[in-house]
Amino acid sequence: MAEHDDSAAVAVVGMAVRVPGAERDLGLFWHHVVNGIDAVTFFTPEQLVGWGAPKDLVERPEFVPARAVLRDADCFDHRLFSYSPSDSALMDPQQRILLECAWAALEHAGHPPVAADGNRIGVYVGTGLNVYLLDNVWPDERAVEAAGGLGLIIGSDKDFAATRIAYKLNLQGPALTLQTACSTSLVAVHQATQALLTYDADVALAGGATVAPPTRRGHLYEPGGIFSADGRCRAFDAAADGTVPGDGAGVVVLKRLDDALRDGDTVHAVIRGSAVNNDGARKAGFTAPGPTGQAGVISAALSVADVDPDTVGLIETHGTGTALGDPIEVAALRQVFDSDRPDRAPCALGAAKAVFGHLDTAAGVIGLVKTVLALKHRVIPPIAHLATPNPAVGLDGSVFELPASARPWEPVDGVRRAGVSAFGIGGTNAHVVLQEAPPARPRPRRHVTELVLVSAKTAAVAQASLDRVTAHVAGAAPGELADLAYTLRTGRAELPWRAAFLTAAHGTPPTVRQVDAKARARGVALHLTGAGELTGNRPNYDADPVYRRVVDEGVALLRDRDLDEAVRERCTRLLACVGLARSLCSRGVAPRAVAGAGVGAVACAVVAGILSVADALELVCGADGDGIRPGPAELPVHVPGGQPPTGHGGLAYWRGQAAGPATPVTPPDLDRVLWVEVGTSVTPHLGPDQPALPTDRHARLLATVGALWQLGVVDAWDPVHDTGRRRLPAPTYPFAATRHYLDAPATRLDTERHH
């Protein structure tokens, strides 16, 4: 296999879809593709008229009551995105669905869906015609009047599809709405790719959505036209007579390949190159396809990708199943791919429209997702409804084959490559060249207890998310648990209803609770005692780099010392106490104060920045400490006698504490702060929110962090805990969509008559 320059390659690191029959489920989407399961639904005249379709239209003999539709397209999780029910009902459902897809795609990529400030995440999307505005909103005079002119425009205009996503998800790269008819979303992929390669963005979302209200669930058949006579799309089949309209949406998350590999992203496939052009006037009419333009855009994409056409094993076609479109598309493909190579492996054609219908602006990105999954599964999927290849298509003597059933995808010259086409009415053509992902680089795997965090906007959704995540974690390979925990901690929004659990069987089943604003205001303090059993911290040492660093430093300093047993024990307690305290801090526990006595007081001095570990050990070992220069305290310290003396004059105080007993200390305002006791293990004191604690000390520390995170008093972890971690696909947000929809006039009149 020829080497390629990865600096010009773009990784697909996340995907989300809404497709007929499979909805948001990528696994079910692939199942429908690989088994050729048709997603088109047929409707009765009574249903259509009830939804507001004109009765005279429905009764026409050439009317075909079929469309591939989404379930619950009239529903939206307005709470998650902080929209009012009235604003949600006014908004174009295409933009609502696209917003949910953007959230889910970022989560699938392992990136938080609400980004931190300073990000360079771009958005490139488009939508279909807002038929909902025409059929449902505009006739509702009361709703239009209540919305006002600007409110109606903001909720309805295509211009705001990309910027709405950028605003709600805090994405601060370019946000562009693109419109090129049925090639829109693949053009969006091309534009997003270009933005990454020119460093306009570091991450980019690309996709599109097409959703029509129930008033449009059907079409008129015209011989030789675009739409099918029987509601089936039979791409490249002898019986093909047109396509079937459908509803759907998709979004992919893209990243420069070098960056994705460096950052531990899951690379699902690689975009090697892409191109966009227009037919101009080189065709029979404005709506007609143009073979010259199609061939040109494919050749251009292959040239950009530096890919030999003979190594491409699959082309996901535009594949409308029309009498005019299919032969022209194959003729264009033959201009590029016909080969004299005697051992040229066959190149399969694919057509997602035969399964999901023609998803208009979303068609290109859905074809891309389908092809990415084919590369991941190493399977050539079939063309649904293919019985007899259409002789008019002109495949004889070509390199192309029409797969009627799924088969293994054998590499060509050691690699699997594919192309994806989308051709828009009006002549804007797009083509993307894909390649299978490179083998995942080996990374360190650890088999220790991990803390898994789950949050949502409401209690019910948090419980649903918890159920999905616990099931996913239970089925994961042990070597993936650290990566899953990392992904769910860093790649999700932190929302007010939360649950936390450990990957090993520790304690009671997890429960959902709401962030406690009072607890967050109170904050947390550490009571450092150094007390407890000296043995049992090997799990912390093995799993925790922060704890290990403290212990290793201390052991190195004490290695050549001849210490009596009592002094060595005090040193061990000091190191364990400081190590656990620093470990808590590195996991986002920012103490408001520390308190302690004896060795615990010396540990307070270390945690507060007054003494270094080396200085503290010197004092515990009985040194006079003449060379020690205590620093200023970085947070309040409560020790016997109140606030400790500062500066060099306080050295005698710390020397006395190092040799003294660990007497109890009661800091002021104890009831106003949450406390964690830190000895040779950790014990939280959270009142009625006290969690059940495991005996394993590493698990105990994680359970404490989890309980504090549920209360809302834990911030981001130190990246040292994430060294070598990868982002893995994990369950995404279970949207709690409720109905927000203005019904068409006929439906409203019918409802009023029955009430």
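Two residues are in contact here when heavy atoms lie within 4.5 Å. With that in hand, take Val252: setting aside neighbours within four places in sequence, Val252 contacts Val12, Gly14, Met15, Val189, Ala204, Leu205, Ala206, Val365, Leu368 and Val369. Keep in mind that this is a predicted model, where local features need pLDDT of at least 70, side-chain atom pairs count only at pLDDT 80 or more, and totals for chains, interfaces and linings use all residues. Residues are numbered from 1 along each chain as its sequence is written, and side-chain values use heavy atoms, with hydrogens and water left out.

Val252 also belongs to the largest nonpolar core, which has 81 residues; Val252, Phe337 and Leu349 touch the most other members. Helix α14 (residues 363-377) gives the most to this core, eight residues. Another core, of 66 residues, lies apart from it, and its members include Val606, Ile628, Leu651 and Leu686. A nonpolar core here is a set of buried Ala, Val, Leu, Ile, Met, Phe, Trp, Tyr and Cys residues joined through side-chain atoms within 4.5 Å, with buried meaning under 20% relative accessible area (1.4 Å probe, protein chains only). Helices are DSSP runs of H or I with at least four residues, strands are E runs of at least two, and both are numbered from the N terminus.

Now for Val606 and its helix. Val606 is among the buried residues of α21, and nine of the nine residues of α21 (residues 599-607) are buried, so this helix is largely enclosed by the rest of the structure. The cover over those buried residues includes β22 (524-528), α20 (565-586), β23 (594-596), α22 (613-620), β24 (637-638) and α23 (651-659). Just after α21, Gly609 takes a positive phi of about 85°.

Back to Phe337, which sits in a helix pair. α11 (residues 291-305) and α12 (residues 325-337) pack at about 40°, with axes 8 Å apart; axes are lines fitted to C-alpha atoms over the stretch in contact, and angles run from 0 to 180 degrees between N-to-C directions. That makes α11 oblique to α12, a label for whatever is left after under 35 degrees (roughly parallel), over 145 (roughly antiparallel) and 65 to 115 (roughly perpendicular). Pro291, Gln294, Ala295, Ile298, Ser299 and Leu302 of α11 meet Ile328, Glu329, Ala332, Leu333, Gln335, Val336 and Phe337 of α12.

A further pair is α5 (residues 93-108) and α8 (residues 161-169), whose axes come within 10 Å and cross at roughly 50°. α5 and α8 are therefore oblique to each other.

Methods: Buried < 20%, exposed > 50% of the residue type's maximum accessible area, 1.4 Å probe, protein only.
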